[in-house]
Amino acid sequence: IDISNFRSLSKGVITIDPGFKNTGSCESGITFLDGEKGILRYRGYSIEELAEKADFLEVAYLLIFGELPTKEQNDKFHEDIKAQAVVDEDVKKILEAFPKSAHPMGVIASLTSALTAFNPSSVNVNSEEDMYKSVVKILGKFPVLVAWTYRKKLGLPLDYGDDSLGYVENILKMMFRKPNGEYKQNKILVDALDKLLILHADHEQNCSTSTVRIVGSSHAGLFASISAGISALWGPLHGGANQAVLEMLEAIKDDDGDTKKYMAKAKDKEDPFRLMGFGHRVYKNFDPRAKIIKKAADEVLGDLGIEDPILDIAKGLEKEALEDSYFVDRKLYPNVDFYSGIIYRGMGIPTDMFTVMFALGRLPGWIAQWREMRLRKEPIGRPRQIYIGATERKFVPIEDRK
Ligand code: ACO
């Protein structure tokens, strides 16, 4: 469809659709999702196959540029990213100014936005070449910001990565390297993180991605658009669910593992509590990512020799929900984040960093969607409304107001 047709059709009837449950905001060739059948594909490739056979950087390339890279394309892409894997030293001063107690999502959103100040040329994007520069910059710098956010919390020195390593291996090393530089690579952790990042890499027009597209539609630069996406992701109804799931499972454990009590709370319409990690706006069947993650959680914890009672509580809760008519009737199944926190915890990542790890995974998706929106020359996003406020009123001076 020629998008210019929409411009001429844009006057007239206004539809109201709270939460945009039935409103398509764009045409997109990136991610296919069939929520009834539980199918997810990136650029036509099934999520199951990509999670098993591809690595995260290949998937990032696929999402952003539309094709799986050749070996040469992949190497060049990685080299271009590595060349950008530094941030201005002054960014450390901004990071230092945050209290230790600051939530990492607030920190990473601010630092991502701050990148615009240190890379002013990234704000004006006029060609595909400009876009490419912004793309490799953010893919290079974001993992550094993630590692620094984590290290700052723990009071560890802030340094850079090791460009002899793969993209994901390097992220783990940047995070977990000891102050004396010591670091032992663990292939189980690298593979697990690679898989988790792939599973989170895109999910069509969710809340954070729509935010990235709408902010980018004003021609704000990529970094500002991504920063807005990070803020949208933070909420517990979206990416923040992975943190909320773990906190809920911990609370159940501390409550003698009483899953029934929490099931009852979730079903009580007077109680605002929801079973975190259950339900999805689009999936009315099993979230295919949740199936992969559940298996990965078993494997990773098994390989690492970790016995986590939280995993047993999660499995118990899932079983109960799948047999409960409240959840069955509403088609509420575990979503991607029901099990991801258990793996992150097994990897030694603190709970309040979980959503940052999600952002790391979603980064290629946000980039791909922003790039698609700009290449398609989409108009500025500007929904309408139905006004329900006061009718015309006469101004009353302050001394006469009651
Ligand atoms: N626990 C209990 N009841 C629930 C839950 C839940 N987790 N999720 C939905 N419901 C109920 C609602 O109360 C509603 O019931 P009703 O029909 O009796 O009023 C019905 O199921 C439909 O729910 P909606 O809120 O209308 O569904 P919506 O599509 O707007 O929300 C959402 C989807 C936000 C994911 C919701 O299911 C939820 O809050 N889940 C918990 C948070 C979560 O896990 N978020 C992560 C989503 S995945 C992601 O972002 C990566």
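How many residues does helix H14 have, and how far does H14 reach from its first C-alpha to its last? The legends below begin with that helix. This is a predicted model, in which local features need pLDDT of at least 70 and side-chain atom pairs count only at pLDDT 80 or more, while totals for chains, interfaces and linings use all residues. Residues are numbered from 1 along each chain as its sequence is written.

**View 1. Helix H14 and its neighbours.** H14 (residues 288-304) has 17 residues and reaches 24 Å, close to the 24 Å expected at 1.5 Å a residue; the expected span is 1.5 Å times one less than the number of residues. Helices here are DSSP runs of H or I with at least four residues, strands are runs of E with at least two, and both are numbered from the N terminus. Among the buried residues of H14 are Pro288, Ile292, Ile293, Ala296, Val300 and Leu301, and Arg289 and Lys294 are buried too. Buried here means that 20 or more other C-beta atoms lie within 10 Å of a residue's own; exposed means 12 or fewer, partly exposed is in between, and C-beta atoms are placed from the backbone. The buried residues of H14 pack against strand S2, helix H2 (47-53), helix H9 (187-200), helix H15 (309-322) and helix H17 (337-346). Just after H14, look for Gly305, with a positive phi of about 70 degrees.

**View 2. A three-stranded open sheet.** The strand order is S1-S2-S3, with antiparallel pairing; strands pair if DSSP finds at least two bridges between them. Strand S1 (31-34) and strand S3 (45-46) are the edges, each pairing on one side only. Four bridges join S1 to S2, and two join S2 (residues 39-42) to S3. Opposite Arg41 in S2 stands Phe32, and in S3 the bridge partner of Arg41 is Ser46. Leu33 stands opposite Leu40.

View 3. In the hairpin of S2 and S3, with two residues between the strands, Arg43 has a positive phi near 50 degrees.

**View 4. The largest nonpolar core.** This core has 112 residues, and Val59, Ile108 and Ile343 have the most contacts inside it. A nonpolar core is a set of buried Ala, Val, Leu, Ile, Met, Phe, Trp, Tyr and Cys residues joined through C-beta atoms within 7 Å. Helix H18 (residues 354-375) gives the largest share of this core, 12 residues. Leaving out residues up to four places away in sequence, Ile108 touches Leu145, Val146, Thr149, Ile230, Val356 and Ala359, a contact being C-beta atoms, placed from the backbone, within 7 Å.

**View 5. His219 in its loop.** His219 is found between helix H10 (207-216) and helix H11 (222-234). Why is His219 partly exposed? Because 13 other C-beta atoms lie within 10 Å of His219.

Note on methods: Two residues are in contact if their C-beta atoms, placed from the backbone, lie within 7 Å.
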